[in-house]
Amino acid sequence: MHVPDIRIETDRLILRPPRAEDFNAYAANMADAEAARFIGGQQARAAAWRGFLSLAGAWSIQGFAMFSVIEKSSGQWVGRLGPWHPVDWPGTEVGWGLARAAWGNGYALEGCVAAIDWTFDQLGWSEMIHSIHPDNHASQALAQRLGSTCRGPGKLPAPYEDSPTEIWAQTREQWRRRRA
């Protein structure tokens with residue numbers, strides 16, 4: 001199977017498909033209870049490995065998934081963000097999950113703008129969502145800065161069916177008008 005050779009650069013970030021060398025930082029992020037709180041919860045290294053491989057596998061099977069986010073100045077992995085659409089998901093999502101050390105730097109906004117542009121242009125999606133826990137005020141604020149609006153409660157598939165979520169969304173046309 002082939003993983004596309006995609007590299008998106010912003011002023012401070014590189015977005016690219018995950019690589020094996022990203023795993024240790026990914027696992028550390030998923031071991032951090034606060035950083036992982038709203039992205040599936042804290043995970044042991046073995047569980048993080050399975051999650052990491054699901055991203056890599058989605059790139060191979062679907063041709064897209066969340067990007068690894070690399071800080072240009074340090075070369076360090078600082079998170080993941082981008083398109084995500086597992087089976088039975090409530091919509092075509094652009095999501096994010098950054099390492100706590102990267103919080104407050106504007107990386108999520110910078111990376112999401114680039115990922116959303118790529119997603120609408122390259123994948124041709126007509127709409128994208130963000131599934132956000134009602135208590136995740138930082139992600140709600142980011143969704144608003146991206147131009148998305150809350151459509152109300154949503155339902156995630158197993159094993160997340162008991163986790164409350166709100167669906168934030170916008171269409172490709174709304175995104176393009178806002179970016180113009």
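Buried means under 20% relative accessible area, exposed means over 50%, and partly exposed lies in between, with a 1.4 Å probe and protein chains only. This is a predicted model, in which local features need pLDDT of at least 70 and side-chain atom pairs count only at pLDDT 80 or more, while totals for chains, interfaces and linings use all residues. Residues are numbered from 1 along each chain as its sequence is written, and side-chain values use heavy atoms, with hydrogens and water left out.

Start with helix H3, residues 45-62. Helices (H or I, at least four residues) and strands (E, at least two) are DSSP runs, numbered from the N terminus. In H3, the buried residues are Ala48, Gly51, Phe52, Leu55, Ala58 and Trp59. An α-helix has 3.6 residues a turn, so residues three or four places apart point the same way. The cover over the buried residues of H3 includes helix H1 (23-31), strand S3 (67-71), strand S4 (77-84) and H4. H3 has 18 residues and reaches 25 Å from first C-alpha to last, close to the 26 Å expected at 1.5 Å a residue. That expected span is 1.5 Å times one less than the number of residues. Gly63 follows H3, with a positive phi near 85°.

Now turn to H4. Its 17 residues should span 24 Å at 1.5 Å a residue, and its end C-alpha atoms are 23 Å apart, which agrees. Buried residues of H4 include Tyr107, Glu110, Cys112, Ile116, Trp118 and Phe120. Just after H4, Gly124 takes a positive phi of about 70°.

Next, the interior. A nonpolar core is a set of buried Ala, Val, Leu, Ile, Met, Phe, Trp, Tyr and Cys residues joined through side-chain atoms within 4.5 Å. The largest one here has 50 residues, and Leu15, Tyr26, Phe67, Trp96 and Ile116 touch the most other members. Helix H4 (residues 107-123) supplies the largest share of this core, eight residues.

Strand S5 (residues 93-98) is mostly covered, with six of its six residues buried. In a regular strand the side chains alternate between the two faces of the sheet. Both faces of S5 are covered: Glu93, Gly95 and Gly97 are buried on one side, and Val94, Trp96 and Leu98 on the other. S4 and S5 run antiparallel, joined by six bridges; two strands pair if DSSP finds at least two bridges between them. Trp84 has Glu93 of S5 as its bridge partner. In the loop between S4 and S5 sits Asp88. Its phi is near 65°, positive in a residue other than glycine. Asp88 is exposed, because its relative accessible area is 64%.

Asp22 lies between strand S2 (13-16) and H1. It counts as buried because its relative accessibility is 3%. Leaving aside neighbours within four places in sequence, Asp22 is in contact (heavy atoms within 4.5 Å) with Arg16, Pro17, Phe52, Ser68, Ile70 and Trp77. Pro159 is in the loop between strand S7 (149-154) and strand S8 (165-171). A cis peptide bond joins Ala158 to Pro159, with omega about 10°.

What of the cysteines? The structure holds zero disulfides, a disulfide being a pair of cysteine sulfur atoms within 2.5 Å. The sulfur of Cys150 is 17 Å from the closest cysteine sulfur, in Cys112, too far for a bond. Cys112 counts as buried because its relative accessibility is 0%. Cys150, at 35%, counts as partly exposed.
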